[in-house]
Amino acid sequence: LAALSQVLRLERSRRTAIMFPLQKLERYLAPGTDTAPFRLFQPGLAALQRAEALFRSDRGHPIDYVSSAVRMDHVPPPALPEVCFIGRSNVGKSSLIRALFSLAPEVEVRVSKTPGHTKKMNFFKVGKYFTLVDMPGYGYRAPQDFVEMVEAYLQERHNLKRTFLLVDGVVGLQKTDHIAVKMLEEFGIPYVMVLTKIDRASRGLLLKNVLEIQEFVKESTQGCFPQLFLVSSVEFSGVHLLRCFVAHVTGNLPNVEA
C-alpha cells in the first residue's frame, strides 16, 4: 500500500483508515467533542498525488542519501528547505523514514532491531526540492554527544522548516518526550507530533492517547501544530498524508486546501 493507486482500490472504510487514520477515530468520539484538530490539514486526492510524485524517484528526480554528520561543520550546505525527524530511540523513526521513501527503493534507510541504532544526523536529498534529516534518537542508548549535536542543529539550521517529533502511539508521551517538547518550545522551533506504531494499539488506547496529547498541545505548547499525525510503517496508515504535509511545509505544495 505504499502507492496511492493501490490504496484507492480498497473499499471506502479501509481506504479512509489508510489515508486519514485520525478521521477514522472521529466516529468514536463522545458527542460534543471538538473535532477541529482532527481535520486542520485535509488535502484532496490531487494534492496527495502531487506529494507522492516528490517521493517517487526517477532519472530526472533522484532521491539520494547525501551524508552523515556528528557536528555542524560536517553537515551539507543549507541549500534546500529541510525537515528533520526526532524521537525516542525505539519509537520507529528509521522505519517511518523508510516507509516515506518506499517508492525510491534505491534509497537505503538502515533499520535495526536494536534501539539507538542511529548515532549521527543522516541527510537525504529529495531531488531539487527539499532535504530530510534522520536525527539520532534520545533516551535509551542515545549518542553521548546527543544534546550538543541536536541543540546546535536546531538553533543553527536556518533552512529548517519543520521538526517532526515522533511519539509512540502505544505508550503516549513519556518523560523524555516532554524534555524534547520543552527544548523545541524554548528554541521557538515549529514542530508537529507524529504518533507511530498505531497498528499495535487498540482503538480505545489509541483514542485515549490522541485526546490526551491533543489537550497537552492545546494547553501547554506554542509551536506545535494542533493536528496530530498518526502513522503505521507496517500498514502504511498515515504515510500518504505525512508525505503531503512534508511537501506542504517545504513549500512544494503551496495550493493545498486545508
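Predicted model: local features only at pLDDT ≥ 70, side-chain atom pairs only at ≥ 80, totals over all residues.
Lys24 is found in helix α3, residues 21–26, where helices (H or I, at least four residues) and strands (E, at least two) are DSSP runs numbered from the N terminus. A salt bridge requires a side-chain nitrogen of Lys or Arg within 4 Å of a carboxyl oxygen of Asp or Glu. When residues up to four places away in sequence are not counted, Lys24 touches Ser13 and Ala17, contact being defined as heavy atoms within 4.5 Å.

Glu11 also caps the N-terminal end of helix α2, with a side-chain oxygen 3.0 Å from the backbone nitrogen of Ser13. Helix α2 covers residues 12–19, and its buried residues are Ala17, Ile18 and Met19; these pack against α1 (4–7), α3, α4 (45–54) and α9 (239–249).

Seven strands form an open sheet of mixed pairing, in the order β1-β3-β4-β2-β5-β6-β7, two strands being taken as paired if DSSP finds at least two bridges between them. Strands β1 (63–69) and β7 (229–230) stand at the edges with a single partner strand each, so that one side of each is left without a neighbour in the sheet. Strand β2 (residues 82–87) and strand β5 (residues 160–168) pair in the parallel sense over six bridges, and Phe164 in β5 is the bridge partner of Phe85. Helix α5 (residues 93–100) packs on the sheet, where it touches β2, β4 (130–134), β5 and β6 (191–196), and its direction makes about 145° with that of β2. Helix α7 (residues 175–187) lies across β5 and β6 and runs at about 165° to β5; axes are lines fitted to C-alpha atoms, for helices over the stretch in contact, and angles run from 0 to 180 degrees between N-to-C directions.

Within strand β2, Glu82 counts as buried because its relative accessibility is 1%. Residues that Glu82 touches, apart from those up to four places away in sequence, include Phe123, Thr131, Tyr153 and Arg157. Tyr153 is also one of the buried residues of helix α6 (residues 146–156), and the buried residues of this helix pack against β1, β2, β3 (121–126), β4, β5 and α7.

Strand β6 is largely enclosed by the rest of the structure, because six of its six residues are buried. Tyr191, Met193 and Leu195 lie on one side and Val192, Val194 and Thr196 on the other, so that both faces are covered. Strands β5 and β6 pair in the parallel sense over six bridges, with Thr196 in β6 as the bridge partner of Asp168.

The structure holds eight salt bridges. One of them joins Asp168 to Lys197, with the closest N and O atoms 3.6 Å apart; this pair links distant parts of the chain, since Asp168 belongs to strand β5 and Lys197 to the loop between β6 and α8 (203–220), 29 residues apart. Both Asp168 and Lys197 are buried. In another, Glu26 and Arg39 approach to 2.6 Å between the closest N and O atoms; Glu26 lies in helix α3 and Arg39 in the loop between α3 and α4, so the pair ties together parts that are 13 residues apart in sequence. Glu26 counts as buried at 15% relative accessibility, whereas Arg39 counts as partly exposed at 36%.

Terms used:
Residues numbered from 1 in each chain as written. Heavy atoms only, no water. Buried < 20%, exposed > 50% of the residue type's maximum accessible area, 1.4 Å probe, protein only. Polar contact = N/O pair within 3.5 Å; in protein donor to acceptor, adjacent residues only side chain to side chain.
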